[in-house]
Amino acid sequence: MRAEKYKRIVWLRHDLRTYDNPALFRAAKEQEGVLAVYFICREMLTNHVVAPVQVDFIRRHLLLLNNDLAELNIPLVVIYVDKTAEIVPHLQKLIKLYQVEELFLNAEYPLDEFNRDKQVSETLRAQGLVVKRFHDRVIIPPGMVRNGKGDPYKVFTAFKNNWIEQARVLPLQPLKKPAVQAAHSFIALTDQQINTLFKGIEQRDLFTLWPAGEKEASKRLKAFVKNHIEDYQTARDFPDQEGTSQLSPYLAVGSISPRQCIAAALQANQGEFDSGNAGITTWISELVWRDFYQHLVVDFPDVCKFNAMQKHTEAFPWRHDETLFQAWCNGETGIPIVDAAMLQLKATGWMHNRLRMVVAMFLTKNLQIDWRMGEHYFMTQLIDGDFAANNGGWQWSASTGTDAAPYFRIFNPVSQSQRFDADGAFIRRYLPALAKLPAKTIHNPPPTPGYPLPIVDLSTSRKETIALFGALKG
Ligand SMILES: Cc1cc2nc3c(=O)[nH]c(=O)nc-3n(C[C@H](O)[C@H](O)[C@H](O)COP(=O)(O)OP(=O)(O)OC[C@H]3O[C@@H](n4cnc5c(N)ncnc54)[C@H](O)[C@@H]3O)c2cc1C
């Protein structure tokens with residue numbers, strides 16, 4: 001029997017959804033036959049230390065997407081490869097077998113992914129294939145937000161002002177579901193076949209905390225907009241409250257798009273970006289931060305090579321002390337809010353934003369440990385691990401980034417704890433040894449059985465770090 005003909009292949013990566021997926025939508029538009037393909041690439045997963053919890057989240061997304069695409073008569077082909085170099089031969093095989101004429105994909109911005117896509121596109125174009133690249137990972141594509149001289153912004157507020165000016169006139173309506181294709185005789189992969197392809201890759205299943213799928217993502221977005229977004233400005237800093245959307249894992253694997261998020265926020269705020277409800281405008285600002293970091297990766301790809309944005313900070317004598325580092329990773333620093341946060345990360349694959357800043361500042365400014373070690377560890381643990389946001393967050397906290405926290409403004413983890421976990425409820429949730437301590441002492445506890453003493457003196461280390469940064473020639 002002759003194989004079916006599919007005019008287009010959509011290569012899915014961090015865009016595991018059917019709605020508002022530009023590459024998929026455009027590929028399906030003329031209903032000329034679409035094949036979707038996903039590569040599980042061991043080399044990429046290993047080199048980018050993708051957390052087992054995120055690998056599992058991706059696997060569970062693929063199972064659902066397989067069904068959603070089947071309803072559109074778009075077969076999903078999932079292929080395991082050891083190395084990126086194997087992607088082209090696999091695509092060539094599919095192109096030949098199904099007489100494919102065009103490849104559609106949504107852009108990926110970190111350097112390795114960018115180079116991979118460039119190499120794949122150039123090779124296939126040279127063989128006559130049409131390759132079309134779209135933008136879905138950001139609300140405004142990289143390269144479009146520029147200052148008067150045409151240069152990228154390095155300061156967030158200026159970026160945001162220009163971003164809003166442009167966004168006001170952009171069509172921000174999410175794309176609808178792709179068109180259904182003609183029926184075909186392709187036999188869809190079974191769940192078992194997809195699961196087998198992931199065998200041998202470390203996975204950790206947290207499905208009760210993080211159900212997969214674009215339906216779940218959009219349910220969460222709706223619930224957040226209905227119940228929490230208006231209080232976001234006041235509630236977002238308190239780790240024991242449900243003050244934030246917890247959509248980051250879904251944005252990371254692309255089961256929801258940032259455009260869907262902003263459209264929902266705008267709808268709840270009469271279309272206003274920077275006026276109206278303060279909770280909503282603050283949440284919109286966070287989505288702009290997200291875009292800002294994605295743009296930085298494109299404009300300053302050097303950050304993808306373990307380099308600081310501010311070159312002079314490379315001279316800081318960062319420590320690589322394994323004992324202190326392990327105490328931080330394992331939540332054994334003797335600073336309760338830091339330890340509770342690190343245990344939240346281990347237990348849930350996620351950490352509240354306020355706490356990410358607190359633990360990152362503690363690691364870099366009190367322990368003076370290289371921010372790259374923290375950045376790496378976060379990626380190994382986070383279900384929402386995203387290179388741009390993670391690198392941006394770490395370089396902000398370490399004062400090595402553009403528009404970063406000034407080096408002399410170091411969070412004191414104890415006062416952060418007193419302010420944002422005043423009654424100690426968050427600490428008690430993760431540190432049973434301290435559960436019986438009153439709110440007054442829980443943030444800076446007296447010697448307590450089963451809980452370590454602080455591994456560093458906060459005041460001395462803070463002064464030392466400020467002096468070391470001050471001595472750098474900026
Ligand atoms: C050291 C450090 C590391 C981080 N690593 C990551 C990471 O790997 N992946 C990741 O998605 N975010 C990262 N962040 C940003 C932020 O902490 C998370 O996006 C946020 O906690 C996710 O929770 P939420 O979905 O409830 O966010 P909400 O407060 O509901 O915000 C909505 C969305 O906006 C985006 N966003 C919010 N804050 C930021 C921010 N500061 N920078 C960039 N985007 C933001 C996220 O996509 C988030 O889902 C990091 C921050 C720091 C300080």
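Q: What covers the buried residues of α5?
A: The cover includes α4 (87–98), β4 (102–106) and β5 (130–134). A contact here means that the C-beta atoms of two residues, placed from the backbone, lie within 7 Å. Helices (H or I, at least four residues) and strands (E, at least two) are DSSP runs, numbered from the N terminus. This is a predicted model, in which local features need pLDDT of at least 70 and side-chain atom pairs count only at pLDDT 80 or more, while totals for chains, interfaces and linings use all residues. Residue numbers start from 1 along each chain as its sequence is written.

Q: Which residues are buried in α5?
A: R116, D117, V120 and L124. Buried means 20 or more other C-beta atoms within 10 Å of the residue's own; exposed means 12 or fewer, partly exposed is in between, and the C-beta atoms are placed from the backbone.

Q: Where do they sit around the axis?
A: They are on the same side of α5, because they cover an arc of only 95° around the axis. That arc is taken from the directions from the helix axis to the C-beta atoms.

Q: And what does the face of α5 turned away from the buried side carry?
A: K118, E122, R125 and A126, which are exposed.

Q: What follows α5?
A: G128, with a positive phi near 100°.

Q: Back to α4. Which residues of it are buried?
A: I87, L91, I95 and Y98. Their arc around the axis is only 90°, so they are on the same side of α4. P89, K93 and K96 are exposed, on the face of α4 turned away from the buried side.

Q: What covers the buried residues of α4?
A: Among the elements doing this are β2 (34–41), β3 (76–81) and α5.

Q: How many C-beta atoms are within 10 Å of K96?
A: K96 has 11 others within 10 Å, so it is exposed. Its C-alpha atom is separated by 57 Å from that of T234, which is 138 residues apart from it along the chain.

Q: What about phi of D403?
A: Phi of D403 is also positive, near 50°, and D403 is in the loop between α17 and α18 (413–420). With 17 C-beta neighbours inside 10 Å, D403 counts as partly exposed.

Q: New topic: the ligand. Which residues come nearest?
A: T244, S245, N353, N390 and G393 come nearest, out of 28 residues around the ligand. To be near, a residue needs its C-beta atom, placed from the backbone, within 6 Å of the molecule or strand in question.

Q: Where does the largest share of the shell around the ligand come from?
A: From α17, with six residues. At least two residues each come from α10 (248–253), α12 (278–299), α15 (353–366) and α17 (387–397).

Q: How do the residues of the shell divide into nonpolar, polar and charged?
A: Twelve are nonpolar, ten polar and six charged. Ala, Val, Leu, Ile, Met, Phe, Trp, Tyr, Cys and Pro count as nonpolar, Asp, Glu, Lys and Arg as charged, and the others, Gly among them, as polar.

Q: What is the domain assignment?
A: Domain 1 (8–135), domain 2 (137–173 + 215–299) and domain 3 (311–470); the bounds come from an automatic or database domain assignment. Domain 2 and domain 3 each give the shell around the ligand at least three residues.

Q: How far apart are the C-alpha centres of domain 1 and domain 3?
A: They lie 37 Å apart. Nine residues from domain 1 and ten residues from domain 3 take part in the contact. The domain 1 side has seven nonpolar, two polar and no charged residues.
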